[in-house]
Amino acid sequence: MKHHIAILGFGVVGQGFAEIIQNKKRQLKEQFGLDAVIVAVSDVMKGSLYHPEGLSIENLLKVVKETGKLDAYPDQKGLVRGLNSFETIRNSNANTIVEVTFTDVKTGQPAIDHCKCAFEHRRNVIMSNKGPVALAYPQLHALAQKMQVQWGYEGSVMSGTPALRMPITSLAGNDISEIQGILNGTTNYMLTRMEQGFSYEEALKEAQALGYAEADPTSDVEGFDALYKIVILSNVILNYPLKITDVQCQGISHLTKNQIEQAKAEGKTWKLIAKLKKEEDNIIASVKPEMIALDHPLANITGATNAITYTCDLAGPITLIGAGAGKVETGFSILIDLINIHRTRKSVEEGACGKDIITEENVVSR
Ligand SMILES: NC(=O)C1=CN([C@@H]2O[C@H](COP(=O)(O)OP(=O)(O)OC[C@H]3O[C@@H](n4cnc5c(N)ncnc54)[C@H](OP(=O)(O)O)[C@@H]3O)[C@@H](O)[C@H]2O)C=CC1
Ligand SMILES: N[C@@H](CC=O)C(=O)O
């Protein structure tokens, strides 16, 4: 089954996803019958390419690596250059839009409008961009349903670690009363490096070079990225319409070298902890740095690794630990949503009755 894909934003995640599609092409075909063809890439500074029969991923990655742009992509019959993101959504033959432009923490734009435009044109959307899910979840969810298209955003919380799909599929039936964890890779990486003696600036530079940080790292260090993720978890997992303004938020930018050394001397460590707690009909939510003892379950979560604990009435506390950021890891989050879109299409076309409910044949995306 062919999937025509347009990628909006060809930065760390866009390129990570393209690399995976190139490297796993054969496996995806053999294992799932999934044939992913990248027909368009549209990036605001790097340029834009569209070919209805598919672009060469090898050439895309080569030219962007060598020149930082897409302009040097070789000419070929039928190749269209210069479509902006909206023209790409409207005028290409892509049935799935991969939205990996930057997360705007004030407006969520242009990603929210990308989603609206895609849904109105009956395109599925997959994204790791947090803006639309954090700021416009109810409206976009309803629009996707109305237009009968699929919307995947697994990578918006904890990158390729299944922080959304795992509780939805495998913890269903539990009453989850509390969710808490370390949800930002950049700040956790920085705190780890600062404990090792690096300065705040050095640690941030490294996190940026490794592709963990947001385009504007203020989002990471002031806690806004974790704040978005906690709002997404509330809306998607707890079905509670928490808003950004409902969450008390503080980042790590005010932490001094002295405070970090002091914690170490006391056998403690600083972590940026995000929390959601159900209280009667309300949700109490916060993002703030906390000094925790070394025997605390989150104390050993270091580097860009994240961890999340769901407190469940039936299953008890369940903790998931895994990557919180990264090129390949977040590229994978796009792939798993694509695989689930494929599974849904396949189930609809073939019918799902009589299949083993644990195997991939019957697992459909939300
Ligand atoms: N990196 C990570 O580990 C993770 C990232 N995310 C999220 O995934 C998304 C992508 O992240 P990442 O790849 O790291 O970010 P980058 O900044 O590396 O890439 C984003 C790309 O989008 C381009 N862009 C910006 N605006 C537009 C637009 N209007 N139309 C087309 N292209 C546009 C940028 O262009 P240019 O720079 O050329 O101007 C840039 O190339 C972000 O929303 C981020 O929050 C989520 C989980 C993990
Ligand atoms: N900047 C984010 C990227 C993933 O969401 C982070 O560091 O966690």
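A: The strands β4-β3-β2-β1-β5-β6-β7, in that order, form an open sheet of seven with mixed pairing. Its edges are β4 (80–81) and β7 (151–152); each has a single partner strand, so one side of each is left without a neighbour in the sheet. The model is a predicted one.

Within this sheet, β5 (residues 96–99) runs parallel to β6 (residues 124–127), and four bridges join the two strands. One of the bridge pairs links Thr96 to Asn124 in β6.

Strand β6 also holds Ile126. Ile126 has 28 other C-beta atoms within 10 Å, and 20 or more is the cut-off for burial, so Ile126 counts as buried. Leaving aside residues up to four places away in sequence, the contacts of Ile126 are Thr96, Val98, Gly152, Ile334, Asp337 and Leu338. Of these, Leu338 is 212 residues away from Ile126 in sequence, yet their C-alpha atoms are 7.3 Å apart.

The whole protein gives the setting for this site. It contains 13 helices and 13 strands. Its radius of gyration is 21 Å, close to the 21 Å given by the globule rule for 366 residues, so the protein is as compact as a globular protein of that length. The C-alpha trace spans about 65 × 50 × 35 Å along the principal axes. Buried residues make up 46% of the 366. Among contacts with a separation of 6 or more, 71% are between residues 24 or more positions apart.

How values were computed. Residues numbered from 1 in each chain as written. Chains lettered and ligands numbered in written order. Predicted model: local features only at pLDDT ≥ 70, side-chain atom pairs only at ≥ 80, totals over all residues. Pairing = 2+ DSSP bridges. Rg over C-alpha atoms; globule rule 2.2 N^0.38 Å. Buried ≥ 20, exposed ≤ 12 C-beta atoms within 10 Å, placed from the backbone. Contact = placed C-beta atoms within 7 Å.
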